[in-house]
Amino acid sequence: MLTHYGLDSISAPWPKSTVCIGVFDGVHLGHQSVIKEAVSRAHGHGHPAVVVIFDRHPMTILAPDRKPKAVLTSEDNIEKIGRLGVDVCAVAAFDLELSTMSAERFFEDYLVKKLGAVEMVVGHDFAFGHKRQGTPEWLAQRIPTHVHPPMEMDGLRISSSLIRAAISEGRLSDARRMLGSDYRLTGSVVRGQRLGSVIGVPTANLLPLYDQVIPCAGIYAGRAVLEGRSFAAAVSVGNRPTVPGAGFAIEAHLMDYDGGDLYGRTLSVDFVERLRDELAFDNVEQLTQQMRIDMEDARVALTKHG
């Protein structure tokens, strides 16, 4: 898949395309269904499928105080889109200029002239342009437009909001069912109190690189992904009540890792299963004993989930 950052720089070498546009945060099963329809229609006509996304959630500009946490990073969203057979992903910079641009101008200058759109595929609730003028009905008056219906799970419409709620409440199986994959959190490994190293269970202290939703406090089984390699992990999220003044942290113990210092490196954690609540122990020895139990429980959970 070819990825373009910024719409102004695009000079499409194709005369026609089917364009699918949306926020697509998390690229959940509902999003995937919309995108797959665009791919099917495009390839049926013998021209490329182009997906337009934004480099940030529109609420970042329109109403910063109501901006939702991201489900996935832009990079992970793009990677999931690429696995759906899309030919081109165009990442539009959602800035103040774009937020005030009329739907007519965005449609003519970018979707038609830049991307060669001859048909559109959108979700049922998507709209673009200043004051959301570019509704599916508005588009249908100008170009063949296919409006994809919502997808439901357990009687509820799958949405990024529903997934955020599931993650923040530790309901990882629900999030996985809607996402079609494990929830992934990406961060940089920073220095902590080094207590884990002292007690023989070293952990990577993860500082999120993006404003992603964070699972609720507790201990999790996960998979840590480092430079293309995956390691079983026991992950702690919370305020570490056993250690006075420790404060909030996301710490991952990478089992079977022998690669040396992780500080400053980018690490992603796929959260697989919530093992237990965060607990306060009377002393570090009790904490150490429980951490070793957590590691074994994490291995069992990861084996169960394949």
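Which side chain makes a polar contact with the side chain of serine 268? It is the side chain of threonine 186, at 2.8 Å; a polar contact is a pair of N or O atoms within 3.5 Å, where within protein one must be able to donate a hydrogen and the other to accept it, and residues adjacent in sequence count only if both atoms are side-chain atoms. This is a predicted model, in which local features need pLDDT of at least 70 and side-chain atom pairs count only at pLDDT 80 or more, while totals for chains, interfaces and linings use all residues. Residues are numbered from 1 along each chain as its sequence is written, and side-chain values use heavy atoms, with hydrogens and water left out.

**Overall structure**

- The protein has ten helices and 14 strands, taken as DSSP runs numbered from the N terminus (helices H or I, at least four residues; strands E, at least two).
- The C-alpha trace spans about 70 × 40 × 35 Å along its principal axes.
- Of the 306 residues, 51% are buried; buried means under 20% relative accessible area, exposed over 50%, and partly exposed in between (1.4 Å probe, protein chains only).
- Among contacts (heavy atoms within 4.5 Å) with a separation of 6 or more, 73% are between residues 24 or more positions apart.
- The protein exposes about 14300 Å², and carbon and sulfur atoms supply 52% of that area; accessible areas come from the Shrake-Rupley method with a 1.4 Å probe, and for residues only the protein chains shown count as cover.

**Helix H10**

- H10 covers residues 284-304, and its 21 residues should span 30 Å at 1.5 Å a residue, which agrees with the 30 Å between its end C-alpha atoms; the expected span is 1.5 Å times one less than the number of residues.
- Leu287, Thr288, Gln290, Met291, Asp294, Met295, Ala298, Ala301 and Leu302 are buried in H10.
- Seen down the axis, the buried residues of H10 fall within an arc of 160°, so they line one face of the helix; the arc is that of the directions from the helix axis to the C-beta atoms.
- Glu285, Gln289, Val300, Thr303 and Lys304 are exposed on the other side of H10.
- At the start of H10, a side-chain oxygen of asparagine 283 comes to within 3.2 Å of the backbone nitrogen of glutamate 285.
- Glycine 306, which follows H10, has a positive phi near 75°.

**Helix H8**

- In H8 (residues 172-179), the buried residues are Leu172, Asp174, Ala175, Met178 and Leu179.
- These residues cover an arc of only 160° around the axis, which puts them on the same side of H8.

- Serine 268 lies in strand E14 (residues 266-276) and counts as buried at 11% relative accessibility.
- Not counting residues up to four places away in sequence, serine 268 touches Arg184, Leu185, Thr186, Arg223, Ala224 and Val225.
- Glutamate 251 lies in strand E13 (residues 249-254) and counts as buried at 17% relative accessibility.
- The side chain of glutamate 251 makes polar contacts with the side chains of threonine 203 (3.5 Å) and arginine 240 (3.4 Å).

**Cysteines**

- The whole structure has zero disulfides, a disulfide being a pair of cysteine sulfur atoms within 2.5 Å.
- The closest cysteine sulfur to that of cysteine 20 is in cysteine 89, 10 Å away and too far for a bond.
- Cysteine 20 is buried at 0% relative accessibility, whereas cysteine 216 is partly exposed at 22%.
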